[in-house]
Amino acid sequence: MHNAQEPAADPAVDIFASPLSERPLPKRSMPELPSPPPVVFQLLRNELLLDGNAAQNLATFCTTWADDEVRRLMDLCLDKNIVDKDEYPQTAEIESRCVNILADLWHAPSEGDGNAVGCSTTGSSEAAMLCGLALKWRWRDRRQAAGLSTDRPNLVCGPVQVCWEKFARYFDVELRQVPVEAGATGLQPHQLRDHVDENTIGVVAILGVTYTCTYEPVAEIAAELDRMQAESGLDVPLHIDAASGGFIAPFLHTDLEWDFRIPRVASINASGHKYGMAPLGVGWALWRDQAALPDGLVFHVDYLGGDMPTLALNFSRPGGQVVTQYFMFLRLGREGYRLVYQACADTAQYLGRQVADMGPFTLLYDGVGALPAVSWTLTDPDSVGWTLYDLSDQLRMRGWQVPSYPLPPDRQETVIQRVLVRHGIDRDEIELLAEDMRRAIKHLNEGRPRDASRVGFHH
Ligand SMILES: *Cc1c(COP(=O)(O)O)cnc(C)c1O
């Protein structure tokens, strides 16, 4: 018998006969002695299986499939710290190319001149913090110049992702979340007047509402803010949270004006690691021009003897995600992104038709016109005898992760289900999901014993 604390001296010993694999892994303190990497690797790999299968995770917007070349580039970039512009000047150059490509894609005035204003971030959340801060500083500067109070800034938005709640709390801004009207899935232009005032640092419109996957009407929201300015003089900038839609609309909805084509749009954020198809850990923040980004937020570092402006909450950050974002741009091109997302949208709409035919559901979003996704609700939740949570549980038994959750405040009595179709999810997989849904519904209709705590979602 080995002493369990002693690593296997003989490298030929089978992994599952090694000392480390003979007992539960240490969980509260570090082991005294080292172990062979292949043993530790295999044991952790087994443990990670409990996380579920990413390909069946239909809840996440984030990248779950990658080309082999992406994995190899990530490996090559393991040592690249994006903050060290001097040590890794080419990674910095690639970041700047990505910013310029996005500025071009989103029609910034800099289009093509190489002077786009923006940066990579860890995700849309960090980008939201930076863009929110820019709004706050610009508002403060305007107010101070006019000799007015700067005590009570507010940000007006619809059913935003939690990152905006974080921004508001961390940076002391009142978040004015406009309630979602019955029948609507996001902020409506006519609602703005009741919420925007002289202390509004900006309005956030969402291209791809997290709950339902629809787009908020950006151009109409901007037009309403134009009318309000004409009437009252209040000039309120618009920020677009395009976390997901920023990489869909430029390829599938080219006629939709949601970006810097609209003069009121001051800044845009997007998640490279969602429909950008880069691996987890990259987002993008872009500003219309230099004037939209107060200089006080930018730190200047020496860069190969020159000046390199930097803007980020963290200092060290991995460079591989940015390099692989550039790989995806080069590898797919506009046409490649379009083809991938047209296929995803077709598959989402296909699922939408199946779901509509199943009987008990009403579609909230059928996959047409916004993100490649579908969302639905029970048409008559009180009469079916089971809940969407029960259906999620049934599907989970086959490995599918299909989330059920209530809509945001004011429509929270409505529970919905949502499926996202991403790069890597194919038609056959969705066909298998639809079959499993029909089977689960039949099973639930036949009267599985009720779980009292789950039945009847009430507030
Ligand atoms: C996902 C998401 C975010 C947060 O993005 P991360 O990249 O996960 O930080 C913000 N807003 C919207 C609309 C999102 O969908």
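Predicted model: local features only at pLDDT ≥ 70, side-chain atom pairs only at ≥ 80, totals over all residues.
Where does Lys 85 lie? Lys 85 is in the loop between helix 2, residues 68–76, and helix 3, residues 89–105.

Is Lys 85 buried or exposed? Its relative accessibility is 8%. The cut-off for buried is under 20%, so Lys 85 counts as buried. Its side chain also has a partner. That side chain reaches the backbone oxygen of Ile 82, at 3.1 Å.

Now the overall layout. The chain is divided into domain 1, domain 2 and domain 3. Domain 1 covers 15–51. Domain 2 runs over 70–328. Domain 3 takes in 342–446. Over C-alpha atoms, the centres of domain 1 and domain 2 are 42 Å apart.

On to the ligand. How many residues surround the ligand? The number is 13. The closest are Ser 124, Ser 125, Asp 241, His 273 and Lys 274. Sort the shell by class and you get eight polar residues, three nonpolar and two charged.

Start with Ser 124. A polar backbone atom of Ser 124 is 2.8 Å from an oxygen atom of the ligand. Next, Asp 241. Here a side-chain N or O atom sits 2.7 Å from a nitrogen atom of the ligand. Then Ser 271. An N or O atom in the side chain of Ser 271 is 2.8 Å from an oxygen atom of the ligand. And how much of the ligand does the protein bury? Taken alone, the ligand exposes 380 Å², and the protein buries 88% of that.

Back to Lys 274, from that list of closest residues. An unreviewed UniProt entry annotates Lys 274 as "modified residue: N6-(pyridoxal phosphate)lysine". Where is Lys 274 found? In the loop between strand 6, residues 265–271, and strand 7, residues 283–287. Lys 274 has a relative accessibility of 16%, so it counts as buried.

Met 277 is found in the loop between strand 6 and strand 7 as well. Look at its backbone. Phi of Met 277 is positive, about 70 degrees, although Met 277 is not a glycine. At 4% relative accessibility, Met 277 counts as buried.

Cys 213 is another non-glycine residue with a positive phi, near 80 degrees. It is found in the loop between strand 4, residues 200–206, and helix 6, residues 218–232. Buried or exposed? Cys 213 is buried, with a relative accessible area of 0%.

Next, Gln 191. Its place is in the loop between strand 3, residues 174–177, and strand 4. Gln 191 has a relative accessible area of 7%, so it is buried. What lies 2.9 Å from a polar atom of the Gln 191 side chain? The backbone oxygen of Pro 179.

Last stop, Ile 430. This residue is found in helix 10, residues 427–445. Ile 430 counts as buried, at 1% relative accessibility. Now compare sequence and space. Ile 430 and Gln 56 are 374 residues apart along the chain. Their C-alpha atoms are separated by 9.6 Å.

To recap the ligand site: 13 residues surround the ligand, and the protein buries 88% of the area that the ligand exposes alone. Lys 274 carries the UniProt annotation. Questions, please.

How values were computed
Residues numbered from 1 in each chain as written. Heavy atoms only, no water. Domains from an automatic or database assignment. Near = heavy atom within 4 Å. Polar contact = N/O pair within 3.5 Å; in protein donor to acceptor, adjacent residues only side chain to side chain. Areas by Shrake-Rupley, 256 points an atom, 1.4 Å probe, with all protein chains shown as cover. Nonpolar A, V, L, I, M, F, W, Y, C, P; charged D, E, K, R; others polar. UniProt positions renumbered as here; feature names shortened; annotations may be inferred. Helix = DSSP H or I, 4+ residues; strand = E, 2+ residues; numbered from the N terminus. Buried < 20%, exposed > 50% of the residue type's maximum accessible area, 1.4 Å probe, protein only.
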